[in-house]
Each structure stands twice: as C-alpha cells, then as structure tokens.
Amino acid sequence: PETETEPEPDPEPDTGTAPGPGPGRQTRAPSRFDYGRFRSSLRHPVRGGRPAQDPETRARRMKIREMMKFAWDNYKQYALGKNELRPLTKNGHIGNMFGGLRGATVIDALDTLYIMELEEEFQEAKKWVEKSFDLNVNGEASLFEVNIRYIGGLLATYYLTGEEVFKSKALELGEKLLPAFNTPTGIPRGVINLGRQDTRSLFSPFSGMSWSWGWASAGSSILAEFGTLHLEFLHLSELSGNPVFAEKASTSHLGLQVLNKVEKPQGLYPNFLSPVTGNWVQHHVSIGGLGDSFYEYLIKSWLMSDKKDLEAKKMYDDALEAIEKHLVKKSAGGLTYIAEWRGGILDHKMGHLACFSGGMIALGAEHAGEERRQRHMDLAAEITNTCHESYARSDTKLGPEAFRFDAGSEAMATRLSERYYILRPEVVESYMYLWRLTHNPKYRQWGWEVVKALEEHCRVEAGFSGIRDVYTTTPTHDNMQQSFFLAETLKYLYLLFCEDDVLSLDDWVFNTEAHPLPVNHTNFKA
Ligand code: DMJ
C-alpha cells in the first residue's frame, strides 16, 4: 500500500521472557523490558506522521520504493534462502562470511521493507524467518558481519514491530557469538565457529572456537571489527536481562581495559591489535576499511545512551582531533579528503568506505560545543562534496571503490583494480545525514543523480548488480546484488526523500548496516 498511516503499537506488551532452550537460560533474571512502554517513549511515529508534501519529492520516494520491491522480488524469486542474489545468472550466492547462516538478504531487507510499507513483501520475509531461518549451523563466521547484518537487522525489526520472533532469534544468535570474547584481553577474535558448544563432536570439533583472520598480521583483531559490536550487544542485554553482552562489548571495557592503556601514535588508532597482548600489531590508520565503523560506534554509543556514555564521547572527540590534525588534507584543486597513514607516511587515497565519515562528522558536529560545531559541520560538508566529486567525475555517475589525490589525480581511481562499484551505501548515507542536518537541497539533488545512475547502469533484468568499471558507460556487471544494497543504499536514499520524522534521529541511531536501534531515553525501561 502507498498509504502512510502509522500502525498501532503492539497491543500485547512483550513480557520479555527469555527465549527457548539454551545454555544458562533457566538461571537468568527475566528482562524487565516492556515493549508497549518503549513504543510510547518514542518522540515520533516510526514511519512518520505525514507524507512528504511536494509531489516531486513524493514521486522520487516512491521510485526508490519501487527499486526496493524490484530488488526484493527478484531475490525472492531466484535466491530466497541464499545469502545474496546473482541477478545475471538468476541464482543465489552463499559465500563464506556467515558461517552456515543463510538468508542474509532477508534479514538485511526486513526493516527497509517495513519502513517503506511494502507490507506483503515484509510478510514474505517474516515468514522465511519464522519457518526457515536455521541457527543450528556449523561453520566459520565473521563476528562483525553476523553482528551488523543479522543481529542488527533482527533487533531493528523487533523494535519496529514488537514481533517476538525477531527478538528471540537475535538473542539466540547473540549467545553463539560470546565465545569469541574468550581472549586474554577480552578483545574478540574476528572469526567464530557457530556450532553448538555443548555438542562438540567428531563432526564439529571447533564449535564455539574463534580465530583471527588468516590475512590479519600476527593473529591480530581488526579495529573496525571489535569496535563495532557494542550498539547491538547493549540491546541484547536490554532485551534479555542478561548483562553479559554489554559487559563483553561495552566501550568502557574497550576503552578502560585496553585502548586507553596502549599508546596511540600521534593520538591515532592503528587498525590491527593483538587480542593477546593488547598492543598494536601494525601502524596502518584509516577512516576507511579496517578502521571506519570503530569511530562511528564511538559517537553513536554516546547518542544511543542518550548522551550518557561520556567515555565514548571523549574517545570520539580525541580521535577526531587527531584525524583533523594528521590526516585531513586539501588537494591542489581544493578538495578536502582524509588520507590513510602507514607508519607515519601518508597515502593520499580515500576508499568509498571512508565516505560515510561526512555523515558521521555532521552527526557529531550537531552535538559539539560552540567552538567545534561550525568547523566540524564545514569539514563534513567538504568531505561529502569530495565524495560527490568522485561520483560526478565518472562516466556512470557512480563512484569507484577508491580514489586518489596524487600524481595529478583528483578524486578519481588511478588503478584498474579500484574502478569498481558494488552498490555501496556510504556516499548516499552522508547525503542523508547532511540533508537532515542542513536541509540544503543539493543533497537531495545528488541523491537523485545516484538513483538515475543505479537505474541506468546497475539495474538488469533480474535485480541490481555491481559494475566493474565506473569509467565506462558500457560497464560489465559483477553479477551480485549485495544485501547491504537493500539494508542501506535503498534505505538511505528513501529516507533522503522522507520527512525528518521517519526514523527520526531523535529516536534512533543507525547501526553500521543502517539498521535502526533506539536511543535509550530515560523512560526506556519499565
Ligand atoms: C556494510 O556491510 C557496512 O556498511 C559496513 O560498515 C561496511 N561495508 C558494507 C557496505 O559498504
């Protein structure tokens, strides 16, 4: 339906009892979380109180909704139950990131379908979760990816709908992730075997064990991975009544026990840390891949705690100050960018992933003291402008995986291997935040340019596909519809053309996969 009426909150308040059988559940204190009370604590209806007024904005929003329906319908038709759709070959992709879990696209799409009021499609996705989402799996999963996509997606959908199934699946899966924290420092390793620990057998001898990534030097853990857990884990504790999740992943544990104890080169956080010694393993610093969402979760921790997590705020402020001082640069052509740092030497490159930082810095600026507010808002706008340039300077009007500011290059990929676009969200994510915080119409204009480019170059007969080279208008498709396209890219584009009270920033923080988690207002608990 294209109506925009707000559904009634769940009339049956959730009693918050712990879900089905599992280790330690009998002894746990029942959660005092009250869903009805939570809903009434929100400052705005989750899907907004009124539709966008002007016809053009409404038409654009409905176009993005149609794109979501198209992406979902094709996934459902050709790949339901697999992790992603392969839109050219019309089949499913499983991959090896989720340790035997399936349906990454279902879980990632749920809250977007709900927010867009694609009711029938939401029911299809929910039915799959109820009937086919199997957590009794074996295999090596990325702790980070399972957390941001599965736990984040399930939690957000529970908070939006009050439907018990999403909460119980999130809690059950959360328990499977806990053994990853069993290291000398409590900093988790990146890979976890999801098999049941109480059934370790000849067939699954590694159940509950964790490893570091083979490619991460000297058994290290990755900053953006171990630093991107606490938003979701705090909610797992909130909903289960079991403090263990919050204790393991809190910023206070991260900060006090480990990160504040180890010396940071020029105040910067390197991307690799030993979970055994708590020391840095390699001095590579990046606000893009390997570092990115660590910074994002510091400022969002503070916001989600209703501005009570002062430790996270201080860590964010200090980190941003060091970034401003050592990594923020201006190109000869006047474009502001954030360079990477390798053992003291700057690499004048920005990854597409780093483009989320425009939105993050704007969000932080909104709440900064007088002295910083304008400076940070300007920085956020300049970085977002640079990321827009990386799109505008390509033939497809989509941006490359990485762009450089060296050897005469400005905001363009210089290597063949960096010319691809895999439907990533970071640039439109920044447009959405900058729009909400400034209402400068250029952000909606830029977002619409992306919609047109996606339609022209990424839409194929059976879904949306990434492209291998943004600098040719006859690009080759990579045959992959990433789940984050449905979770993030289309959600942020849609929100860009919504009124500000749809998933209002007063009530929600988006996890790094764009799944909304509620701000803990004082009356959050029963
Ligand atoms: C998503 O899974 C998340 O946004 C993550 O933080 C980074 N990578 C992808 C999207 O590009």
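**Ground rules.** I number residues from 1 along each chain as its sequence is written, and side-chain values use heavy atoms, without hydrogens and water. As the model is predicted, I take local features only at pLDDT of at least 70 and side-chain atom pairs only at pLDDT 80 or more, while totals for chains, interfaces and linings use all residues.

**Entry 1: overall fold.** I looked up the secondary structure and found 17 helices and 19 strands in the protein chain. Both are DSSP runs numbered from the N terminus: helices are H or I with at least four residues, strands are E with at least two. I then took the radius of gyration, which is 22 Å; the globule rule gives 24 Å for 526 residues, so the chain is as compact as a globular protein of that length. The radius runs over C-alpha atoms, and the rule is 2.2 Å times the number of residues to the power 0.38. The C-alpha trace spans about 65 × 55 × 50 Å along its principal axes.

Entry 2: Buried residues account for 63% of the 526. I call a residue buried under 20% relative accessible area, exposed over 50% and partly exposed in between (1.4 Å probe, protein chains only). I also checked contacts (heavy atoms within 4.5 Å). Of those between residues at least 6 apart in sequence, 69% join residues at least 24 apart.

**Entry 3: aromatic pairs.** I counted 31 aromatic pairs. Rings of Phe, Tyr and Trp (its six-membered ring) pair if their centres lie within 6.5 Å; planes under 30 degrees apart are stacked, over 60 edge-to-face, the rest tilted.

Tyr269 and Tyr295 pair edge-to-face, at 6.4 Å between centres and 80 degrees between planes. Tyr269 sits in the loop between helix H10 (251-259) and strand E7 (272-273), and Tyr295 in helix H11 (residues 292-304), so the pair ties together parts 26 residues apart in sequence. Tyr269 is buried at 3% relative accessible area. Tyr295 is buried too, at 2%.

Next I looked at Tyr433 and Tyr492, a tilted pair with 6.4 Å between centres and 50 degrees between planes. Tyr433 belongs to helix H15 (residues 426-438) and Tyr492 to helix H17 (residues 483-496), 59 residues apart. Tyr433 is buried at 2%, and Tyr492 is buried at 0%.

**Entry 4: a cluster.** Which residues form one aromatic cluster? I listed Phe33, Tyr35, Phe38, Tyr158, Tyr159 and Trp508.
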